[in-house]
Amino acid sequence: MHLSQLSPAYQRLLHSLWLQFLRWRERHIKEKTLVIILSLAVGVLAGLAAMALKWLIHIISGTLTSDLSISEGNYMYIIYPVIGVLLACWYVRYVVRDNISHGVTRVLYSISQNKSRLKPHNMYTSIVASSITIGFGGSVGAEGPIVYTGAAIGSNLGQAFRLSPRVLMILVGCGAAAGIAGIFKAPIAGMLFTLEVLMLDLTTVTVMPLLIASITSASVAYIFTGYDLEFFFVQSEPFVTERIPFFIGLGIACGLVSLYFTRIMIMMETFFKKKLGVQWKKTVVGGAILATLVFLFPPLYGEGYGSINSLLNGDPSSIVDGSIFYGDRHDVAFIIVYIGLIILLKGFATSATNGAGGVGGTFAPSLYVGCMTGFFFAYLVNNLGFGMDLSVKNFALMGMAGVMSGVMHAPLMGIFLTAEMTGGYELFLPLLIVSTISYGTIKVFEPYSIYTMRLARRGELLTHHKDKAVLTLLKMHSVIETDFLTVAPEMNLKQMVDTISKSNRNLFPVLDDKQRLLGVVLLDDIRNIMFRPDLYKRMYVSRFMSMPPAKLQLGDSMDHVMKTFDDTGAWNLPVVDGEKYVGFVSKSKIFNSYRRVLRHYSED
């Protein structure tokens, strides 16, 4: 039974008891201690949520695909993904009634723009929608939804205890870290995800809660699923320094593939959003693209972890299972072309899934593309006739770290996640080389990750850079001053002097009858004539008003506002909404607000 279904008397009683508990907590439990306790609770809950999501995906996918043939094409691959997208779309539109796509981006937005507050339904709705989408064959990952779920758990627990936005930010990070740690059994990668992707600062206050949440969630995963690693990988070929040039080559290749994948995702997202518009068109087009690709390339079905395991075991022929090309599974040239096409088309399949109305993330697809890229690189080199014998297994593993590092702009997370998921710690140096070069390659072309790009373009991204972070937290409406007395261009000097006598400002906006800003009158500019009565009836505002050095639009980011102040050297600048006058922004107001937010944001 939901709390809202209880009688008003019971609701008031429960509310009163909870307030009493909160008062007791404030007297007996310090905030730092409470954060540690809550991070433990977040770890447990996010770990259970991760297990629930994996179980639902396994049940749905296993039920649908268990009887499909592996030696011929399966036309059910055309039907299943479309059904999944339709069900997920219906659930989101008519049950959730809220946009729950782009989970990681929405977590970043909540931290930057919504004081780390997420809605209660986000604690479970992404699990339901993504399990349907992925279980039925949507070519997306479960990690974005579980990050969204874990972050929502942390946010709502913090809100229940009436904690400040600064502490809520820590708990949101704990939830996101716990989600990654639970679904991959990778506690270090979970913490690094929060630091590199969500860009939470590593301080003495944040490090312990993040570690506790990640370790707890991973422990829950081990308790429920045993001690097996996420991907089965046996290190059979040792690392040799003679292969370092090929590691460098793979790093560059992974960086370029990361750039391609990112650009395809953004291009397709723009296509679905701006070209198709209404949802039914998106569902038809996206469903058609997804169904066609999954039928031709069955490895694109769902998360694709089965294909990753096959390549990590050095067996490329099994990725053709269930396709119309099964007879060509031992043809080397065909396998090279087939894997190359999968690398090129995975981004289209993922974006079509989300564009059609499915719910899923780009985390698993980047791992998938990385594994394919690494295997493709080594397999191609080995078969070009140069007498090389690169380990396709090792390169598949390194490719996972490389593409993830590039797409997510998170090299440390890519390295540790790959090592923790596979146990491939003996390849730590090659992982470092490939991830670092991949990250450096994509940074040349794209400064933001696939998650942060949307927010960065709108000036809504919170980063480790303190100045930019504080400016992001500041809002235009909070620094606009509206207590300026306005004047009209037809007013004479006498009326102007009367207005000055009623004001404590030295600046007066000049407006027409439609409230459009025509200019400004500065007290210093008329000081030499304002005490000359002989001019009172002969001088008009239209003659001595001046134009401001620049105008700010109501929706401008604070970063743009400060750049405008720097470029003009002004102390006050007018704010307009289109052409209509709104108010003024002053440097002193911004500086005062900046110091207040900086003290709050930097509190340790």
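Contact here means heavy atoms within 4.5 Å, and helices (H or I, at least four residues) and strands (E, at least two) are DSSP runs numbered from the N terminus. The structure is a predicted model, in which local features need pLDDT of at least 70 and side-chain atom pairs count only at pLDDT 80 or more, while totals for chains, interfaces and linings use all residues. Residues are numbered from 1 along each chain as its sequence is written, and side-chain values use heavy atoms, with hydrogens and water left out.

Helix α10 (residues 244-276) packs against helix α13 (residues 332-356) at an angle of about 30°, their axes lying 9 Å apart. Axes are lines fitted to C-alpha atoms, for helices over the stretch in contact, and angles run from 0 to 180 degrees between N-to-C directions. Angles under 35 degrees count as roughly parallel, over 145 as roughly antiparallel, 65 to 115 as roughly perpendicular and the rest as oblique; α10 and α13 are therefore roughly parallel to each other. From α10, the residues that meet α13 include Val257, Tyr260, Phe261 and Ile264, and among their counterparts in α13 are Ile343, Leu344, Lys346 and Gly347. The residues of this contact of α10 with α13 comprise 13 nonpolar, four polar and one charged, where Ala, Val, Leu, Ile, Met, Phe, Trp, Tyr, Cys and Pro count as nonpolar, Asp, Glu, Lys and Arg as charged, and the others, Gly among them, as polar.

Helix α12 (residues 305-312) and helix α15 (residues 392-408) have axes that come within 8 Å and cross at roughly 135°, which makes α12 oblique to α15. Ile308, Leu311 and Leu312 of α12 make the contact with Lys393, Ala396, Leu397 and Met400 of α15. Six of these residues are nonpolar, none is polar and one is charged.Turning to the strands, an open sheet of four has the order β1-β6-β5-β4 with mixed pairing; two strands pair if DSSP finds at least two bridges between them. β1 (480-481) and β4 (552-553) stand at the edges with a single partner strand each, so one side of each has no neighbour in the sheet. Strands β5 (residues 572-577) and β6 (residues 580-586) run antiparallel and are joined by six bridges. Helix α24 (residues 558-568) lies across β4, β5 and β6, running at about 135° to β5.

Finally, Ser214 is found in helix α9 (residues 204-225). Ser214 is buried, with a relative accessible area of 1%; buried means under 20% relative accessible area, exposed over 50%, and partly exposed in between (1.4 Å probe, protein chains only).
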